Every structure is written in C-alpha cells, then in structure tokens.
Amino acid sequence: MQLYCNSLTEYKRLATLEVKVGDLLIGNFHPIRIQTMTTTDTMDTAGTVAQAIRCIEAGAELVRITAPSKKEAENLLNIKNELRRQGYHTPLVADIHFTPNAAEIAARIVEKVRINPGNYIDKKKFETLEYTDAEYLEEIDRIRERFTPLVNICREHGTAMRIGTNHGSLSDRIMSRYGDTPMGMVESAMEFLRIAEDLQFRNIVLSMKASNPQVMVQAYRLLVQTMQQELGHAYPLHLGVTEAGDGEDGRIKSAIGIGTLLEDGVGDTIRVSLTEDPEFELPVCRDIVKRYSGHRTEKPATDRPLGALPYSPFSYKRRESIVVDNTGDKQVPVVVADYRHSATIQPSDLNAIGYTYNEPSDKWNIADAAADYIYTGTAAPSFALPGTLQVVVDADKWQTLADKAAYVPYFGTRAYLNAIAAGQTGKKNFVAVNCDDLDTTDINDLLKQLEQPAIAGATILAAHATGSNAMASIRRFFIQLTAQQLTVPVIIHSVSPQPTADEHLIHHATEAGALLLDGFGDGLWLTNQDQTPAQAALLNNIAFGILQATRTRISKTEYISCPSCGRTLFDLQETTARIRAVTHHLKGVKIAIMGCIVNGPGEMADADFGYVGSGVGKITLYRGKEIVKRGLNSDVAVDELISLIRENGMWVDKN
C-alpha cells in the first residue's frame, strides 16, 4: 500500500484484523465502536459503577477506567462484579501508563488493557540520549523482557490490548532518535507491536493520539502505511484527539481529527475526549460515526485513476496559490458568511459575524473572528459596511447595480465563461464549481481559461459538493488543480444537509477540516441547507473554530484540556472555566490544563503554558515543558498563571 487507505475517491473501509474484547468484535469491517472513560476515583467502587452505567446507557460500547497503581487494578474486580451483578456486561478497559505490574493484574480481570509505550517501560526525563545501533537494540531487548509477561497474561486470559501512543509522551529514547514527530509516534508503537507479532499475539488495537489534529492524522496515516508494508496487514485503530477541550471547540477539534480519517475508511473505534462528564462524549461519537453506518451507493469522486499524488498526505504543505486581493498565497484563509436567507440586512445583523456598529461614534468594532466576506444573494445592503467586509452578490444582481466596483459578483461556471467572452466580469469574481461532477465541458473550459494569468488573477473559485463522497470530490478537484499547476485561489464551500445544529458542526468540521489538514483551501464558506438567519453566529464560530483547530488561522486562545479521570487532582471542568474566563482574549496563546502528572508536561505537547495537578490541592506551572513554579496552592495558581504569562510578554489587557 503506497498510501494509507483503500481509496481517495470513495468510501471504502480499511481491512483490519479482528479483535475480540469480551463479546465485542472490533475491526474486520464490524461497525465503528464508540467508547468513553470514567472520571471517578477508581477506589470509589460505587461512584465508578454508577458513572459507568450512565455511560453505557448513553451508548458506550466500551468503558475505560484508570488503574495507576496495583490497588486500583485490584479494585477493578469489585467494579466489574458489581456491574455484572446489575446486568451490565459492557467490556471494561484498564488504562495503564507507568505501572507494568498494575497492567498484569488488570489483564487478569478486565477485557482489555491499554498501555502507553512512551512511558510503560521507558522513563521520561526530557533528556537527550545517544545510542549506537547496538545499544539501541539492547533497549529493544529490555522492552521485550518487560513486555512479554503482559502479552502472555493477555493470551492466557483472552484479554485484548491497546497500544496507545500519545504525541506528548514519547520516551526520551524515541525523541532522541526520531524527534517529536508522527514517525516517532509510529515507531514507538511498532517496537511493541513487533514483539507481540513475534509472540504470535494479535488481539491488539492501536492508537496515535495528539492534541493537534494535524499531527494525529499524519501519525495514523503513517502507521497504516508502515503496518501494511512491514507486516502485510493492519491492526484495528482506535481514533481520538487527546485533550480536545470542552464545548464547541472540543467537538470541532475531535470531528476534524477523527472525521478526516473515517472519511477515508480508516478507524474501527473512537473516543471523543472532552473536558466534560463522560456521558456527554457519547452523543458526539454517535453523530460522527452515523455518517459511515450506511452503504454509500453514489458514484465515486472520479471515474478514472488519480495517478501519482501531487502532494504528500504524511506532511503538511499548503497548496501554492496566487493572491487575488485578500485571498490566496500566504494570507490566512478568508471566511465567507452566508446571509442569502436574510430578507433585509441591518447593521445589528453583523454582530453575529464579528462586526459591532457604534452609532454615536459612527464606527465599527471588529472582532478577531470577523468574517471577510458576506454573501447576500440577490440583496444588497442599504448601509455602508466596514471597510474590511466585502459583499458578494449573485452575478445577475451585480449586473443591475450602479456601483459594481463596491460588490463582488458570484457566477456559476457557465455564466462566468459567458461573462469572460462578453467582457462583463468584475475586478474580482467568485465562481462556483460543483465538484460532484468535475468531468464536464464547462469545468474543463473554465480550467483552460484559468491558464491565462489575467483571468486567474481576477478569479476566486468556490468549490462545493453535496454527495456522500463530498470531501473526496472536492479533494479530487484540488488534486487536479495542483497536477495541472493551476494556482487560482479556492474557497472550500461546505454545504451541510444535516437536520440538527450538532450534526451541522460535525459535518462542516469533518469535510472542511479534512481538506485544510491536507493543505487545501484559501478560505471557508459554510452553508446549511435549511439555514435560517439565526444560524449566522453559529456558522461563523464553527468556521473560525475549524481554522483554529487546523492551525491555519489563529483568532483566539487555544486550550489543551484533558478529559478528567480517576487520576485527576482537581475539578477540571471548574478550573478550565476559571482559566478561560480570564485568558480567553489572548489570541494565539496555547494553555494546557492537565489534571495530573501523567497528562502533564508530556501530554501538553506544544502548549505555551501548562497548569498541572501535582498533588491534592497543589498545582505546578510550566512554560512549555519547563517547570517554572512547583507546588502552588490551587487558590492562588490561576493568578500565578496570569503573572507567568505577563512575565513572558504574552499578556494583553482586555479591551
């Protein structure tokens, strides 16, 4: 397999081995399973059982419980027995990080054990280590010696295993040889997987989690390619964006990372890691996987081979494009707000997209997350708009306007070709491209016209598709443009047919996010098929959330916040809300909020600052991965975090 999936043009599940977790089957084309993790103290048997039941009744097909030491691992038996006594037989998963003997105990009790190869045997001290090849092989032998007993116990008891690599907790040994890279993540897992293969144990699921969806997606793709090339088969994959956060941002980030892979048929089980009660993760999981539960019968995105890809799906590089006014080239992706359904537009209507009009001063206040274009269809606003906001109208309407230079015409493909022939185009033109059927005379003629610099320099394409292979269809168009060396800027126009607001979010984040992660797109235009004027704010927030999560346009503070678990040393939800309340205005600053040292300096990955539980009521603050203040009382720690941000020159006062 040269790529990472069966097809880039239609939905085809990746063939994986079948893994048995209790009575649940994962992989081998079984339904995509959804799961979550309890947040209670594992020694609180009654509390953990009650929360596990809430998760099961919310739809969890597996429930993970932390076992940081031998005593928690032993108490899993009490939890399992009580769940079974109450009639709940959902498989349980023990979450292990640093403690091999806890894993060996848990593997005799629960149906699955998750280990993190970055810290299961290696110790992480953020040291740079140098090895000869012989010394490195000695380290692999050490891993084999320590890992083999767990494999034997799992085989004896019919226990499944997840080898769960996390981007932020790669061992010093892996970091020293491969760096903090997706390939380092893959090699960290493959070291353990090769040993299991030698021992003929295959009841294994793998994961490659990161808080950055771009890193996460690249790591999974590399893992699939590596397994296929080296082993000749692939193990089932558990997908997740770790430390996704809470609320809308957490859901967007999760949908981008998980959905990007599922779109290409990669992934057998998922978890959405939100800083919320675990039962709230399950509806998001269901909304994500329901897109793939039926059979997609529509034609694929292309009826002919794609040939060699003109880009790498394993590393990020933005597609080269020319600049047309404020769109394309190295400029951040623009955002188009869709107001076609508004009968009339008043200044107050623009509040939803980041523009607030102050009547006494006759000035506009412009937010960081303010749209760049507003599409009004057949209407034209009757008031002066802020200078940074441009109005796009249908081409037929534009032809009737006296001041054509004040508006941007939006053409269909054939209408644009006719307008070019008649010399009736604007200085800048939006042109719709329907990617559901690219092999048409009109689109081929358009691409020929775009070979002319003068025409390309006045054109911004808006690529859309509405079929079940919509993302693949738009991606195919970008691939075609790249292969033909056409550098006209292209806005991704995502159209959601979904029935609810939650499903609209998943749809847009999945389809637009997948394209942006591959370096495609000079802008984002989100539309709901049943759109009402009241949805403008929601869609604007989703658009900027997608751009933030894909790291293509930063407009706000980013929070890397772990989901709580039994190891957590403070109330994560309350603390995250407190920190967000005082730092949400710090555009571009990344703050990690971690409940314990397991999800501490390593899991924070690329955060600027970290707020980490280091004991009951005690907080340690980090600058990057460096400890700055240790053992602070939690009642002063937020103020100390603000002081730390100030000291590093990244604080600004609120307006």
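**Close-up views of a predicted model**

**View 1. Ser188 and the residues around it.** Leaving out residues up to four places away in sequence, Ser188 touches Pro117, Gly118, Thr165, Leu170 and Ile174; contact here means heavy atoms within 4.5 Å. A quick word on the model: it is predicted, so local features need pLDDT of at least 70 and side-chain atom pairs count only at pLDDT 80 or more, while totals for chains, interfaces and linings use all residues. Residues are numbered from 1 along each chain as its sequence is written, and side-chain values use heavy atoms, with hydrogens and water left out. Ser188 sits in helix 6; helices (H or I, at least four residues) and strands (E, at least two) are DSSP runs, numbered from the N terminus. Is Ser188 buried or exposed? Ser188 counts as buried because its relative accessibility is 2%, where buried means under 20% relative accessible area, exposed means over 50%, and partly exposed is in between (1.4 Å probe, protein chains only).

**View 2. Helix 4 crossing helix 6.** Here we stay with helix 6 (residues 182–198), whose axis comes within 10 Å of the axis of helix 4 (residues 133–157), the two crossing at roughly 60 degrees. That angle makes helix 4 oblique to helix 6. For these views, axes are lines fitted to C-alpha atoms, for helices over the stretch in contact, and angles run from 0 to 180 degrees between N-to-C directions. Angles under 35 degrees count as roughly parallel, over 145 as roughly antiparallel, 65 to 115 as roughly perpendicular, and the rest as oblique. The crossing of helix 4 and helix 6 is right-handed: a crossing gets that name if the near helix is turned clockwise from the far one by less than a right angle, and left-handed if anticlockwise. On the helix 4 side, look for Tyr136, Ile140, Ile143, Arg144, Phe147 and Thr148; helix 6 brings Glu191, Phe192, Ile195, Ala196 and Asp198. Sorted by class, this contact of helix 4 with helix 6 has seven nonpolar, one polar and three charged residues. (Ala, Val, Leu, Ile, Met, Phe, Trp, Tyr, Cys and Pro count as nonpolar, Asp, Glu, Lys and Arg as charged, and the others, Gly among them, as polar.)

**View 3. Helix 8 against helix 16.** Helix 8 (residues 247–263) and helix 16 (residues 536–549) cross at roughly 55 degrees, and their axes come within 9 Å. Helix 8 is therefore oblique to helix 16. What is the handedness of the crossing of helix 8 and helix 16? It is right-handed. From helix 8, Glu248, Ile252, Lys253 and Ile256 meet Leu538, Asn541, Ile542, Gly545, Ile546 and Ala549 of helix 16. The residues of this contact of helix 8 with helix 16 split into six nonpolar, two polar and two charged.

**View 4. Thr260 in helix 8.** Zooming in on helix 8, we find Thr260 there. Thr260 counts as buried because its relative accessibility is 1%. A polar atom of the Thr260 side chain lies 2.5 Å from the backbone oxygen of Ile256. Setting aside neighbours within four places in sequence, Thr260 is in contact with Val217, Arg221, Ala255, Thr510, Gly513, Ala514 and Leu517.

**View 5. Helix 11 packing on helix 12.** The axes of helix 11 (residues 413–422) and helix 12 (residues 441–449) are 9 Å apart, and the helices pack at an angle of about 45 degrees. Helix 11 and helix 12 are therefore oblique to each other. This crossing of helix 11 and helix 12 is left-handed. Thr413, Arg414, Tyr416, Leu417 and Ile420 of helix 11 make the contact with Asp442, Ile443, Asp445, Leu446 and Gln449 of helix 12. The contact of helix 11 with helix 12 counts five nonpolar, two polar and three charged residues.

**View 6. His507 in helix 15.** His507 lies in helix 15 (residues 501–517). With 5% relative accessibility, His507 counts as buried. Apart from residues up to four places away in sequence, it touches Arg291, Ser494, Val495, Ser496, Pro497 and Gln498.

View 7. Most residues other than glycine have a negative phi. Asn28, although not a glycine, has a positive phi of about 55 degrees; it lies in the loop between strand 2 (24–26) and strand 3 (33–37). Asp329 is not a glycine, yet has a positive phi of about 60 degrees, and its loop runs between helix 9 (281–289) and strand 11 (334–338). Asn28 counts as partly exposed at 35% relative accessibility, and Asp329 is partly exposed, with a relative accessible area of 35%.

How values were computed: Polar contact = N/O pair within 3.5 Å; in protein donor to acceptor, adjacent residues only side chain to side chain.
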